[in-house]
Amino acid sequence: MISRYSDGTQPAEKSNLDQPTMLIISDDPAFSRAITARWQAERTLPAFTLISSDLSLGFDPDSFHAAVAGRIRPQSLSVVTEAMEAAGKRVLFLSDDNGTLTMVRERWPGALVMKQQDHWLDTLVLVAAEALQRAFAEAGRSRAEHSKALLDSQATLGRYMLDMRHNLNNALTSVLGNSELLLLEPGSLSANARSQIDTIRNMALRMHEVMQRFSSLEKELNLSEPQSARESASLASAASTAQ
């Protein structure tokens, strides 16, 4: 899949990050076409996003895993290097000029610099494919770690709420009991006060309903855990028998 920013079509969507995605930055369309055409011969083909140096400040760093840059106008080189360094992604820079390569190496120490000479396409695809797969794996690991941290945080909150459920239920019982006692005494309260106490009672009832749902959820989880364990054991046993 190839998306192009420079011709007015839509760029690669973030959903493309379900597969390795390579950004190619160049002011020479032939350079980008040569890379994508050569990559067609490989068993694994990434998604490509092609942009020119004019758009290098407008790309989304979360829309690709690694980048190849080459054949960039000299006046745009510093803009591209700064933008890519800020993105913090793996970048392979190509040029047939030793002076340009030296300048990029000095200004952009994080980039992998390669001279564009004989058989450069074969070397590029070999190196870039390895860098891309590594970046893709790292991105997946990072997402998994973030998801795990979020789940752990939610689990901690859930355990705390279950632990505090009894204390909260006791407090709600007290609020409900006292509010109902006050409402049972006719003439002892003004209409405005009765209305406010009635609101307190109704809100306490709603909170009590929420706590009852927590109790039901806890019971469902406790019942599902043994069932899940039995299913896992059954699958393991079936797999062992099949072997």
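Guide: What follows is a look at the helix packing, with some context around it. Bear in mind that this is a predicted model.

Start with the overall layout. The protein has five helices and six strands. Along the sequence they follow the pattern β-β-α-β-β-α-β-α-β-α-α.

Two packed helices are described by the angle between their axes and the distance between the axes. Take H1 and H4 on those terms. H1 covers residues 29-39, and H4 covers residues 120-183. Their axes come within 10 Å. They cross at roughly 70°. An angle of 65 to 115 degrees counts as roughly perpendicular, so H1 is roughly perpendicular to H4. The crossing is right-handed.

Now the residues. H1 brings Phe31, Ala34, Ile35, Arg38 and Trp39 to the contact. H4 answers with Trp120, Leu121, Asp122, Leu124, Val125, Ala128 and Ala129. Sort this contact by class and you get ten nonpolar residues and two charged ones. No polar residues take part in the contact of H1 with H4.

Next, a second pair: H2 and H3. H2 spans residues 77-87, and H3 spans residues 98-107. Their axes lie 11 Å apart, at an angle of about 35°. This crossing, too, is right-handed. On the H2 side, look for Leu77, Ser78 and Glu85. They meet Thr100, Met103, Val104 and Arg107 of H3. By class, the contact of H2 with H3 has three nonpolar, two polar and two charged residues.

Thr49 lies in strand S3, which runs over residues 47-51. Buried means under 20% relative accessible area. Thr49 has a relative accessible area of 2%, so Thr49 is buried. Between Thr49 and Ser32 there is a C-alpha to C-alpha distance of 9.7 Å. In sequence, Thr49 and Ser32 are 17 residues apart.

Finally, step back to the whole protein. Of its 243 residues, 29% are buried. Then consider contacts between residues at least 6 apart in sequence: 68% of them join residues at least 24 apart.

Key:
Residues numbered from 1 in each chain as written. Predicted model: local features only at pLDDT ≥ 70, side-chain atom pairs only at ≥ 80, totals over all residues. Heavy atoms only, no water. Axes fitted to C-alpha atoms, helices over the stretch in contact; angles between N-to-C directions. Helix = DSSP H or I, 4+ residues; strand = E, 2+ residues; numbered from the N terminus. Parallel < 35°, antiparallel > 145°, perpendicular 65-115°, else oblique. Left-handed = near helix turned anticlockwise from the far one by under 90°. Contact = heavy atoms within 4.5 Å. Nonpolar A, V, L, I, M, F, W, Y, C, P; charged D, E, K, R; others polar. Buried < 20%, exposed > 50% of the residue type's maximum accessible area, 1.4 Å probe, protein only.
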